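Please read the following report alongside the sequence and the coordinates.

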Amino acid sequence: MTDPGPDADPLAAWRRYAGPCVLLDGFHALKHALRFGAEVPVAVTGDRAGALALAEELAPDVRDALDGLLAEVGQEAYASLVPRPHPTAVAALAVRPSRAAGLRALAHRPRRTPVVVLDQPRNLGNAGAVIRLAAGFGATGVVTTGPLDPWHPTVVRGGAGLHFATAVERLDVGELPAGPVFALDPEGEDIRGLRLPDDALLAFGSERSGLSRELRARADHLVALPMRPQVSSYNLATSVAMTLYHWSATGDAPRVP
Ligand SMILES: C[S@@+](CC[C@H](N)C(=O)[O-])C[C@H]1O[C@@H](n2cnc3c(N)ncnc32)[C@H](O)[C@@H]1O
């Protein structure tokens, strides 16, 4: 029997790929994934005309790719495929990049942009927001330590399809890529007097208990963000945002065109 192929029956293709692939929930996640080279074997919509009109307005660079990919399945079938229907009625499945490729990207020298390390993060939404930040600043990657899966569907949703724009892997502290570790901690040296090198590992502690003993032992510098006395700490993702901004403003990060 000949293989009908994913286009012949998008719902059968969805069932085939749903296990091994990553869910891209909504138009913007699919748009980002395509821009950063994700392999997308199936994409469905409950409103193909609406999705293509959105592409023409907001993302003409991927309009033709979407035209070739998006299969109209009707609102009801679309809604049955996703945990919570997205206002754009678009969903797709993308192939997760191999761990080997992620590790190669993280280990590549010279490293021209930092790696963000989240040490034992707990909150899936924070992890997604950090991946989005890392993609925006062109960071080499985001590494998590501990049990949280940085490819969990909730993290992918928070990352808005930008897992494909930066390397995302889980590692033990002992496996971190080479490079100077600047670990963020309110007891550290004021960041305003420091220049963060492009090959830095920028490490952040968990929401609950801060930096682990292992990470502290691997740290070369402890760095503090300015904060008034009596405030105990900032949110994890906002701490990453401030630190990446500081790196971009004081280092050799490429300028916005
Ligand atoms: C929510 S905070 C952790 C709070 C935790 N209760 C503690 O005891 O550290 C999460 C992480 O954000 C970073 N962070 C938050 N505020 C910071 C500050 N003022 N200076 C440096 N890092 C900070 C640190 O890496 C911290 O481990």
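Which element gives the largest share of the shell around the ligand? That share, 3 residues, comes from strand 8, where strands (E, at least two residues) and helices (H or I, at least four) are DSSP runs numbered from the N terminus.

This is a predicted model, in which local features need pLDDT of at least 70 and side-chain atom pairs count only at pLDDT 80 or more, whereas totals for chains, interfaces and linings use all residues. Residues are numbered from 1 along each chain as its sequence is written.

Of the 17 residues around the ligand, those that come nearest are Leu 184, Gly 205, Gly 210, Leu 225 and Ser 233; a residue is near if its C-beta atom, placed from the backbone, lies within 6 Å of the molecule. Two or more residues of the shell are given by strand 8 (181-190) and by helix 11 (236-250).

The protein is divided into domain 1 (5-94) and domain 2 (99-250), with bounds from an automatic or database domain assignment, and their centres, taken over C-alpha atoms, are separated by 30 Å. In contact (C-beta atoms, placed from the backbone, within 7 Å) are 13 residues of domain 1 and 9 residues of domain 2. On the side of domain 1 that touches domain 2, strand 1 (22-25) and helix 3 (27-35) each supply at least two residues, and helix 3 gives the most, with 6 residues.

| Set | Composition |

Key:
Two residues are in contact if their C-beta atoms, placed from the backbone, lie within 7 Å.
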